[in-house]
Amino acid sequence: MTDRPSSPQLRERPELTQRPRRLRSTPGIRRLVQEHRVRPADLVLPLFVAEGLTEPKPISTMPGVLQHTRESFQQACREAVAAGVGGLMIFAVPAHRDADGSCALDPGGILAQAVRWAVEVADGVPVIADLCLDEFTDHGHCGVLDAQGRVDNDATLTAYGRMAVVLAEAGADVLGASGMMDGQIGWVRKELDVSGYTDTALLAYAVKYASALYGPFREAVDSALQGDRRTYQQDPGNARESLREVALDVTEGADIVMVKPATAYLDVVARVRDLVDLPVAAYVVSGEYAMVEAAAAVGAIDRRRTILELHTSVKRAGAGIIATYWATELARWLQEES
Ligand code: PBG
């Protein structure tokens with residue numbers, strides 16, 4: 001149905017040669033001229049696997065998201081794959097933590113195991129392992145600490161290098177380098193290459209802000225962090241700095257560059273898209289998830305439309321890959337609509 005402004009009482013019709021509403025007049029026309037549309041394959045599902053769980057455990061601040069057992073994890077991976085998602089991103093919650101995060105470097109550790117479990121059911125969908133120490137350290141920082149208690153950049157690189165080889169050996173297709181240490185991409189690339197893992201790709205969290213929106217994630221991984229990550233994650237007031245971070249990661253050998261969080265940083269996504277020719281990803285983080293779920297739960301917004309709109313915005317800004325806790329559900333909706 002059309003509703004053109006064609007009132008018969010109109011005595012004089014304005015001479016409009018440009019009528020943008022013409023292209024909005026029917027669902028078919030709107031579909032034809034749509035510039036950006038999220039595809040299931042654009043979506044990456046982050047999943048949490050916890051060591052020693054007998055039952056999947058809900059995360060109170062993220063309704064619908066679970067800490068998984070092996071069984072529930074593999075089931076969630078199968079459902080995501082069936083819905084057509086483009087990738088599975090694995091985070092692990094170990095039973096034991098220490099100052100150096102040594103479980104992360106253990107080939108039999110929970111993250112390496114979870115990667116193997118994912119590969120078993122992924123049916124060729126890329127398995128992305130998180131390459132960071134924060135889930136494994138008893139102080140909760142993304143790296144190891146020096147004698148003064150500061151995050152020691154270069155000692156952390158050594159650990160990331162060893163962890164990367166363990167995860168590549170476990171079968172991860174992609175490693176998500178999320179720790180924001182200087183030089184991490186170059187160091188890890190070199191360590192993978194000398195170990196023969198030249199095909200293991202690096203998803204660089206090139207731009208990662210010290211954001212309040214990671215709050216629910218910290219519950220999801222039982223984070224031990226006291227204080228904050230402002231000596232390594234970026235100040236939300238800075239945008240140009242992100243271009244520098246991206247340029248460095250590209251030079252060091254990143255295969256994909258990511259911006260995180262997503263919806264509050266769409267300007268940064270757009271600038272990064274303009275800067276590089278690599279695939280650009282954005283991460284719709286736990287706080288973005290929690291805000292929408294909370295608002296939808298009280299009836300303030302239409303849940304499905306909001307989720308679709310936010311992800312369309314991220315894609316429109318320039319991210320061809322979107323990590324999101326809604327990946328499976330959203331992929332199903334998109335399949336229904338196509
Ligand atoms: C750290 C990491 C974090 C997230 C992903 N990887 C938390 C942090 O930096 O504190 C947050 C993801 C989210 O909030 O959904 N390796």
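1. On a 1 Å grid over the protein atoms alone, a pocket is an open set of points with protein on both sides within 12 Å along at least five of seven lines, whereas a cavity is a set of points where a 1.4 Å probe fits but cannot get out; lining residues have an atom within 4 Å of a point. The structure discussed here is a predicted model, in which local features need pLDDT of at least 70, side-chain atom pairs count only at pLDDT 80 or more, and totals for chains, interfaces and linings use all residues. Residues are numbered from 1 along each chain as its sequence is written, and side-chain values use heavy atoms, with hydrogens and water left out.

2. The largest pocket holds about 650 Å³ of space, a volume being the space filled by probe spheres set on grid points that are joined across faces, edges and corners. Its lining comprises 19 residues, and those nearest the centre are Gln 34, His 36, Arg 37, Thr 312 and Glu 337. Two or more lining residues come from each of α1 (27-33), α10 (303-317) and α11 (327-337); helices (H or I, at least four residues) and strands (E, at least two) are DSSP runs, numbered from the N terminus. With five residues, α10 gives the most.

3. By class, this lining has eight charged, six nonpolar and five polar residues. Here Ala, Val, Leu, Ile, Met, Phe, Trp, Tyr, Cys and Pro count as nonpolar, Asp, Glu, Lys and Arg as charged, and the others, Gly among them, as polar.

4. The second largest pocket has about 360 Å³ of space. Leu 45, Gly 64, Ala 76, Tyr 325 and Thr 328 are the closest to its centre among 17 lining residues. At least two residues each are supplied by β1 (43-50), β3 (66-68), α2 (70-83) and α11, and β1 gives the most, with four. The lining divides into 10 nonpolar, four polar and three charged residues.

5. The ligand sits in the largest cavity, in the sense that more than half of its atoms lie within 2 Å of the cavity's grid points. Around the ligand are 17 residues, of which Arg 218, Gln 233, Lys 260, Ser 286 and Tyr 325 come nearest; a residue counts as near if one of its heavy atoms lies within 4 Å. This shell has eight nonpolar, three polar and six charged residues.

6. The protein covers 100% of the 400 Å² of accessible area that the ligand has on its own, as computed by the Shrake-Rupley method with a 1.4 Å probe.
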